[in-house]
Amino acid sequence: MVYGRFSEIGAYSFLNAGPLGISIGSFSQINPQVSLIGNIHIGNRVLIAPSSVLASGGHRFGKNIQPRFSGGDKEKIIRV
């Protein structure tokens with residue numbers, strides 16, 4: 001995880017980095033009770049509202065893939 005200068009993470013926030021990690025830019029604020037899950041890049045001077053959830057990834061769909069939990073994950077990244 002990478003944290004920029006003067007970035008803040010509020011109380012009771014949950015960060016669970018994916019393979020590409022979580023980065024938070026300078027002067028950014030993550031308010032209380034925010035969940036960041038997966039591969040997430042937050043730029044400079046960004047404010048995330050309290051109790052927000054950002055979760056990257058997804059499931060593969062198609063003819064030859066069984067539904068529900070057998071689809072596997074695709075590696076994606078959220079950029080804010």
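Okay, hi everyone. Some ground rules before we look around. The model is predicted, so local features need pLDDT of at least 70 and side-chain atom pairs count only at pLDDT 80 or more, while totals for chains, interfaces and linings use all residues. Residues are numbered from 1 along each chain as its sequence is written, and side-chain values use heavy atoms, with hydrogens and water left out.

Let's start with the overall layout. The protein chain has 0 helices and 8 strands; helices here are DSSP runs of H or I with at least four residues, strands are runs of E with at least two, and both are numbered from the N terminus. Read from the N terminus, the order is β-β-β-β-β-β-β-β. The chain has 80 residues, and 29% of them count as buried. Buried means under 20% relative accessible area, exposed means over 50%, and partly exposed is in between, with a 1.4 Å probe and protein chains only.

Now, the inside. Which residues make up the largest nonpolar core? There are 10 in all: Ile22, Ile24, Ile30, Val34, Leu36, Ile40, Ile42, Val46, Ile48 and Leu54. Strands β3 and β5 (35-42) each supply at least two residues of this core, and β5 gives the most, with 3. By nonpolar core I mean a set of buried Ala, Val, Leu, Ile, Met, Phe, Trp, Tyr and Cys residues joined through side-chain atoms within 4.5 Å.

Let's zoom in on Ile24, which sits in strand β3. Is Ile24 buried or exposed? It counts as buried because its relative accessibility is 3%. Contact, by the way, means heavy atoms within 4.5 Å. His41 is 17 residues from Ile24 along the chain, and their C-alpha atoms are separated by 6.3 Å.

Ser23 is in β3 as well, a strand that covers residues 14-24. With a relative accessible area of 18%, Ser23 is buried. Again leaving out neighbours within four places, Ser23 contacts Val2, Ile40, His41 and Ile42. Take Ile40 from that list: beyond four places in sequence, Ile40 touches Gly21, Ile22, Ser23, Leu54, Ile77 and Ile78.

Next stop, the loop between β5 and β6 (47-48), where you'll find Asn44. Asn44 is exposed because its relative accessible area is 53%. Beyond its neighbours within four places, Asn44 is in contact with Gly25, Ser26 and Ser28. What lies 2.7 Å from a polar atom of the Asn44 side chain? That would be the backbone nitrogen of Ser26. And Ser7, 37 residues away from Asn44 in sequence, is 8.7 Å away in space, C-alpha to C-alpha.

Last one: Met1, in the segment before β1 (2-3). Met1 counts as exposed because its relative accessibility is 52%. That's it from me, thanks!

How values were computed
Polar contact = N/O pair within 3.5 Å; in protein donor to acceptor, adjacent residues only side chain to side chain.
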